[in-house]
Amino acid sequence: MLKGSMPALVTPLKDGQVDFDTLKHLVEWHIAEGSHGLVPVGTTGESPTLTHEEHEAVIACVVEAAAGRIPVVAGAGSNNTAEAIRFVQFAEKAGADAALVVTPYYNKPTQSGMIAHFTALHECCDLPIMIYNIPSRSVVDMLPGTMGALSKLPRIIGVKDATGDLARVSAQRMTCGKDFIQVSGEDATAHGFNAQGGTGCISVTANVAPRMCAELQTATLEGDYQRALEIQDRLMPLHMAIFTEPGLCGVKYAMSRLGLCEDEVRLPLETLTDGTKGLVDDALRHAGLLN
């Protein structure tokens, strides 16, 4: 079962190219820090600006480096069903444990269109698939009834829910059943999400604070919400600071401050402004990660 803290892994860049040596180091670091899984080449992994070849090379690198020690859920989404099929089939061939597939963005399919899209992906491989529902980016919202219909397919196993609506967890338990995996895609609500029945978080902040994010998840899964709240209080300023500008830019800057990778991103994103850098620095100090 996929659960706990699963970093939405950044793709480190150096001089415009993917820095595979640093990527391998990050995989080792996350395993040592207690992360429960890894999710390469989602939006935080800069999938919108990676070439198809880079996208696939990152998946292969992370799977090889993880070597079965923790699950790898490969980002494999697209608003083009044929392209998503390519990515899902590659993830299966590379040895990923599951694929994370975002609802098709920009072209705004109907609920029926989303069922057809995910059914085609389900039929193209034997890999478990997690739906990624993020209306703020994709401009479509997969409703609980639609998700319930898809949950009847044996390899549609769960959802990364980034709606920010905690009531969705209970609504989806009604339509999808209690065994359908629900993980949060929003760090700031991860504590409450699990109280409603969720079992984890695909986390941006876990790129820079993996041990604390893993401890928070473990505490909630053990029912110790008071301990989890204490950790959340330390992390909340960091969640907020990282997303002052696009979260990818915020977390890469935070990682650079800890010597983990460069803060380089690809256009149209840019490195953080000085004011936001100050907010991130203060939040890192509040969390005890920076002197």
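Exposed, for this talk, means over 50% relative accessible area, and buried means under 20%. Keep those two cut-offs in mind. The model is a predicted one.

Start with Tyr106. Its relative accessibility is 73%, so Tyr106 counts as exposed. Look at the backbone there. Phi of Tyr106 is positive, about 75°, and the residue is not a glycine. Where does Tyr106 sit? In the loop between strand S5, residues 98–102, and helix H4, residues 111–123.

Now Val41. Here too phi is positive in a residue other than glycine, with a value near 50°. Buried or exposed, then, for Val41? Buried: Val41 has 2% relative accessibility. That value is under 20%, which is why the label applies. Val41 belongs to the loop between H1 and H2.

Stay in that loop for Ser35. Helix H1 covers 20–33, helix H2 covers 52–66, and Ser35 lies in the loop between them. Ser35 is at 4% relative accessibility, so Ser35 counts as buried. Which residues does Ser35 touch, once neighbours within four places in sequence are left aside? Ser5, Pro7, His30, Ile70, Pro210 and Ala214 are in contact with Ser35.

Last stop, a peptide bond. Going from Leu267 to Pro268, the bond is cis. Omega is near 15° there. Pro268 is a loop residue, between helix H11 at 247–257 and helix H12 at 274–286.

To recap the backbone points. Positive phi at Val41. Positive phi at Tyr106. A cis bond from Leu267 to Pro268.

Terms used
Residues numbered from 1 in each chain as written. Predicted model: local features only at pLDDT ≥ 70, side-chain atom pairs only at ≥ 80, totals over all residues. Heavy atoms only, no water. Helix = DSSP H or I, 4+ residues; strand = E, 2+ residues; numbered from the N terminus. Buried < 20%, exposed > 50% of the residue type's maximum accessible area, 1.4 Å probe, protein only. Contact = heavy atoms within 4.5 Å.
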